[in-house]
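The following note collects points for discussion on the model shown below. Please read it with the structure open.

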Amino acid sequence: MPLTVPLRSDLPYFDLQATLDGVTYTLVFRWNVRLAAWFLTVLDADASNVLVGDTALRVNFPLSAYMSTRRPPGQFVVIDSSGQGLDPIAISLQRSFTTDLGTRCKLVYFTVDELGIVVVE
């Protein structure tokens, strides 16, 4: 069963660690006000090396389609649980921030086994 990455809905910038296909990564999420979009950066476990730079989170578009080979071997997909196919949005009002990333829009990770991919090293 794919992993649903637990996300914050109250911050415009946050990071977390996730174990994907047996390897720990640091995932950094950032809301870009000007572009009105969420971006994901994937770092190694100790956050010292960028593996994948700012990648826009778009609904139903596999992030691996344009990510480098240094990325986690599985596949990230943002799913709109409402079925409307809308990208995640955010609302910032003076001192409060809220988003539907992690609530309506879920970030799901499919492992190599779930995708049936053979990884050659």
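1. Over how many bridges do strand E6 and E9 pair, and in which sense? Strand E6 (residues 75-80) pairs with E9 in the antiparallel sense, over six bridges. One of these joins aspartate 80 to its bridge partner in E9, cysteine 105. Strands here are DSSP runs (E, at least two residues), numbered from the N terminus, and two strands pair if DSSP finds at least two bridges between them.

2. On the basis of the note: this is a predicted model, in which local features need pLDDT of at least 70 and side-chain atom pairs count only at pLDDT 80 or more, while totals for chains, interfaces and linings use all residues. Residues are numbered from 1 along each chain as its sequence is written, and side-chain values use heavy atoms, with hydrogens and water left out.

3. E6 and E9 belong to an open sheet of three strands in the order E1-E9-E6, with antiparallel pairing. E1 and E6 stand at the edges with a single partner strand each, so one side of each has no neighbour in the sheet. From one strand to the next the twist averages 35°; the axes behind such angles are lines fitted to C-alpha atoms, and angles run from 0 to 180 degrees between N-to-C directions.

4. Strand E4 (residues 37-44) pairs with E5 over four bridges in the antiparallel sense, and phenylalanine 39 has alanine 56 in E5 as its bridge partner.

5. Which residues have the most contacts inside the largest nonpolar core? They are Leu27, Phe29, Leu57 and Phe76, in a core of 25 residues. A nonpolar core is a set of buried Ala, Val, Leu, Ile, Met, Phe, Trp, Tyr and Cys residues joined through side-chain atoms within 4.5 Å. At least two residues of this core come from each of E2, E3, E4, E5, E6 and E9. Leaving out residues up to four places away in sequence, phenylalanine 29 touches, among others, Leu7, Pro12, Tyr13, Trp38, Leu57, Leu101 and Leu107; contact means heavy atoms within 4.5 Å.

6. The model has five aromatic pairs, where rings of Phe, Tyr and Trp (its six-membered ring) pair if their centres lie within 6.5 Å, and planes under 30 degrees apart count as stacked, over 60 as edge-to-face and the rest as tilted. Tryptophan 38 and phenylalanine 97 have ring centres 6.2 Å apart and planes at 80°, so this pair is edge-to-face. Ring pairs join Phe14, Phe29, Trp31, Trp38 and Phe97 into a cluster.

7. Is arginine 104 buried or exposed? Arginine 104 is buried, at a relative accessible area of 16%; buried means under 20%, exposed over 50%, and partly exposed in between (1.4 Å probe, protein chains only). This arginine lies in the loop between strand E8 (96-99) and E9. The side chain of arginine 104 makes a polar contact of 2.6 Å with the side chain of aspartate 100, and one of its polar atoms lies 2.9 Å from the backbone oxygen of aspartate 87. A polar contact is a pair of N or O atoms within 3.5 Å; within protein, one must be able to donate a hydrogen and the other to accept it, and residues adjacent in sequence count only if both atoms are side-chain atoms. Beyond four places in sequence, the contacts of arginine 104 include Ile79, Asp80, Leu86 and Pro88.

8. Two backbone values deserve a check. Aspartate 21, in the loop between E2 and strand E3 (23-32), has phi near 55° and is partly exposed at 30%. Asparagine 60, in the loop between E5 and E6, has phi near 60° and is exposed at 52%. Most residues other than glycine have a negative phi.
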